[in-house]
Amino acid sequence: MGFDRLDLLERLLPVYAQILARLNAQGIEWVQIDEPILALDLPPEWRSAFERAYHHLNTAGAKLLLASYFGPLRDNLLGALKLPVAGVHVDGIRGGDELAQVIDWLPATRILSLGVIDGRNVWKTDLTAALERFEGLHARLADRLWLAPSCSLLHVPVSLAGEAALDAEPGNWLAFAEEKIAALATLRTAFNQGRQAVAAELSANARALASRHASSRVHDAAVAARLAALTPVHDGRNSPFPLRQAAQRKRFKLPDFPTTTIGSFPQTPEIRRARARFKADALSEADYTAAMQREIGYAIAKQDALGLDVLVHGEAERNDMVEYFGEQLAGFALSHNGWVQSYGSRCVKPPILYGDVSRPRPMTVGWARYAQSLTGKPVKGMLTGPVTMLQWSFVRDDQPRAATALQIALAIRDEVADLEAAGIGIIQIDEPAYREGLPLRKADWAAYLDWASRAFRISASGVGDATQIHTHMCYSEFNDILPAIAAMDADVITIETSRSDMELLRGFGEFSYPNEIGPGVYDIHSPRIPDTAEMTRLLEKAARVIAPDRLWVNPDCGLKTRGWTEPETALAHMVAAARAMRESARAAIR
């Protein structure tokens, strides 16, 4: 409490200076120092810290290239350009509107490294447009202008080589890291030798862009008409939450402190082998379905034996919570080797969202219906929400992200309706990336939160009062966006709270969050299994913040990354903790 990160700066600066001096001694002329924090709102003391830091680092001997990206610098721009560095890198894709100021304020001795290729998405650069936009800068700055991607290329896959199975038409519109470097080289040649020197490359680029613009697979009139027909009636449930809550309690008759999990169960080697064999055509569809049904049956039986109140089918058939749906929705393409780093050592293969989105057929209904047939307890239908689908895909850049999110929301809405019609009374629409989508500047938050919350409501609001909508958000700070989370109007939200010892829940209590909430009682990313007493203590702490009749009991997140032994033990402790809370409540009444 009260720790100021800037207090560390004076201890860090000598270490940085030593590193720079060693690099300089080894003949390294230029050193890039990344400062994307300059794209954020910074208080005055942080701006002052930049001046102090770079005056210190400038004495180490190496030429420093200060690099910022992911957005414009705005009120940090002038300060950044005044720092004693040899060059500055700016994001010409997301910060291009302030290039005129950059040029006007750039000291005459400085290098400008300009991000002219989008390093965060996978679309081919319009090379002719880039030349027209930046040729004047080249003429003015000459060899003081460096060309670069907007940011590091770690955000995109390595190469389109080896993607023979990728859908050819959208594949022609793409550029991964190697192709982006080639495009950068084409621009360099055009600047230095004239466009005629790369006429063939410019012509091929123009043909690919024209193909994308004209493709009937990008624009779907039916999707556009449906989007245009959206009205406020699509934005909300039929009744306010208290009426829905009464209808749901009458239908499900769950005990106090109902127990559930977030959705996934362990992705065992057997599951992965069956999926790999099915994709390689070494396992028939019937045999694959039977294998997945066995896994679903195993998960349902385990949950029943443990005494959980609301069950899940375990998601054995899903490779990834986004890729699985991208494989089934129109408007998405899938790469074969398009892996990018997610967090730590984990990598994901994001779908490529190239066109208008629709749902050709049900995606999860058969699996959910089968799971429900195995038990008398309610089984949750499990879906990924529109904002998370958007955030964790490579998204088209030819229309506003808000419009794309609403298209996905309508596709998810269709799936929700079919799940309800199949008798699935509890449906979870996960939005773990909801906060991740926030713009870098707080002034831009309100517009994002407005359309993000609306997209969720549209996906969820086509059901009756007795159908219970859940959502899940994990590993985020929520307190500064609680009004927007409440505006999503999910009947139940589950969140991660165990790492903070339930402190993250305090904001929900102070805000008087109106609906039901499941604060996670154990961290699934840790092999440590808390005992029943520890989980009970967390629930007791939660019950002092949120009314006990609105509390659910669940883990922090899904269980796909664990083996079966850990979840079985942890869930047994969790169920016991919930029962202890019920008994304590009954004793208090007696």
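This is a predicted model: local features need pLDDT of at least 70, side-chain atom pairs count only at pLDDT 80 or more; totals for chains, interfaces and linings use all residues.
Strands are DSSP runs of E of at least two residues, helices are runs of H or I of at least four, and both are numbered from the N terminus; two strands pair if DSSP finds at least two bridges between them.

Strand 10 (residues 352-358) runs parallel to strand 12 and is joined to strand 12 by two bridges. Isoleucine 352 stands opposite phenylalanine 394 of strand 12.

## Aspartate 320

Aspartate 320 is located in the loop between strand 6 (311-312) and helix 13 (323-326). Aspartate 320 counts as buried because its relative accessibility is 13%, the limit being under 20% relative accessible area (1.4 Å probe, protein chains only).

A polar atom of the aspartate 320 side chain lies 3.0 Å from the backbone nitrogen of glutamate 323. Leaving aside residues up to four places away in sequence, aspartate 320 touches Arg346, Val348 and Lys560, contact meaning heavy atoms within 4.5 Å.

## Nonpolar cores

The largest nonpolar core has 98 residues, and Tyr434, Ile485 and Phe508 have the most contacts inside it. Such a core is a set of buried Ala, Val, Leu, Ile, Met, Phe, Trp, Tyr and Cys residues joined through side-chain atoms within 4.5 Å. Another core, of 47 residues, lies apart from it and includes Leu6 and Leu127.

## Basis of the values

Residues are numbered from 1 along each chain as its sequence is written, and side-chain values use heavy atoms, with hydrogens and water left out. Local features need pLDDT of at least 70 and side-chain atom pairs count only at pLDDT 80 or more, whereas totals for chains, interfaces and linings use all residues.

Definitions and conventions: Buried means under 20% relative accessible area, exposed over 50%, partly exposed in between (1.4 Å probe, protein chains only). A polar contact is a pair of N or O atoms within 3.5 Å; within protein, one must be able to donate a hydrogen and the other to accept it, and residues adjacent in sequence count only if both atoms are side-chain atoms.
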